[in-house]
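Please read them alongside the coordinates.

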Amino acid sequence: MKHLIIYYSYTNHTRELVKRLQNKFSYDVFEIEPVIPYSNNYQQVVDEAERDVPRGVQPEIKPFTLDLEQYDVIILATPVWWYTFASPVNTFLHQYRLQGKIIIPLVTNGGWIGHTIEDIERLSGGTIQNPISVKFDGDRLVDEALFEKWMERVGESK
Ligand SMILES: Cc1cc2nc3c(=O)[nH]c(=O)nc-3n(C[C@H](O)[C@H](O)[C@H](O)COP(=O)(O)O)c2cc1C
């Protein structure tokens, strides 16, 4: 089964984990990028998202350039923003059809994952497998052992 990692990352936590996964398994990767980058001011982004996320705002993103038809398994990696996936991922899930795919959510967060995985399931229409949520304390991955184990499981889903 062919795997593709699709991810968004604002402060690089998710990007770091995606890099580790990609180094291990050489999966193809696509980064979701907003057309207008978010401010470097973390608190400003947190405050904006507090307004935007509950309203389901869909910031414009750069186009997806790969052929989804080629892939059976999508590893969808996102930070949690206000109890769900980050807004650029919201745009992606509205624009591209993942129905019929196996979806493995990789969700990074600060301890409050909310309804992120349920929302991915509902909006993607795919079949969720092996979801993982891992907590960061500052820039430190708290759930290191959990993440390592999860990578092994993902690798077994050939
Ligand atoms: C706008 C915003 C909203 C956030 N909301 C939550 C939240 O609801 N729950 C939580 O546990 N962490 C929340 N966080 C923390 C991030 O989910 C966490 O730091 C994540 O690992 C960041 O991933 P990234 O570095 O790939 O962007 C939020 C961070 C930002 C920037």
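1. Leaving aside neighbours within four places in sequence, I6 is in contact with F30, I32, F64, L68, I74, I75, L76, A77 and F92. The model is a predicted one, and side-chain atom pairs count only at pLDDT 80 or more.

2. I6 also belongs to the largest nonpolar core, which has 28 residues. Together with Y8, I32, W81 and F92, I6 touches the most other members of that core.

3. Which elements each supply at least two residues of this core? They are the strands β1 (3-7), β3 (73-81) and β5 (102-109), and the helices α2 (42-52), α3 (87-95) and α4 (116-124). The largest share comes from β3, with four residues.

4. On helix packing, the axes of α1 (residues 13-25) and α5 (residues 144-156) come within 11 Å and cross at roughly 40°. The pair is therefore classed as oblique, the range for roughly parallel being angles under 35 degrees. The crossing of α1 with α5 is right-handed.

5. On the α1 side, this contact is made by L17, R20, L21, K24 and F25. The α5 side contributes E144, F147, E148, W150, M151, E152 and G155. By class, the contact has six nonpolar, five charged and one polar residue.

How values were computed:
Residues are numbered from 1 along each chain as its sequence is written. This is a predicted model: local features need pLDDT of at least 70, side-chain atom pairs count only at pLDDT 80 or more; totals for chains, interfaces and linings use all residues. Side-chain values use heavy atoms; hydrogens and water are left out. Axes are lines fitted to C-alpha atoms, for helices over the stretch in contact, and angles run from 0 to 180 degrees between N-to-C directions. Angles under 35 degrees count as roughly parallel, over 145 as roughly antiparallel, 65 to 115 as roughly perpendicular and the rest as oblique. A crossing is left-handed if the near helix is turned anticlockwise from the far one by less than a right angle, and right-handed if clockwise. Contact means heavy atoms within 4.5 Å. Ala, Val, Leu, Ile, Met, Phe, Trp, Tyr, Cys and Pro count as nonpolar, Asp, Glu, Lys and Arg as charged, and the others, Gly among them, as polar. A nonpolar core is a set of buried Ala, Val, Leu, Ile, Met, Phe, Trp, Tyr and Cys residues joined through side-chain atoms within 4.5 Å. Buried means under 20% relative accessible area, exposed over 50%, partly exposed in between (1.4 Å probe, protein chains only).
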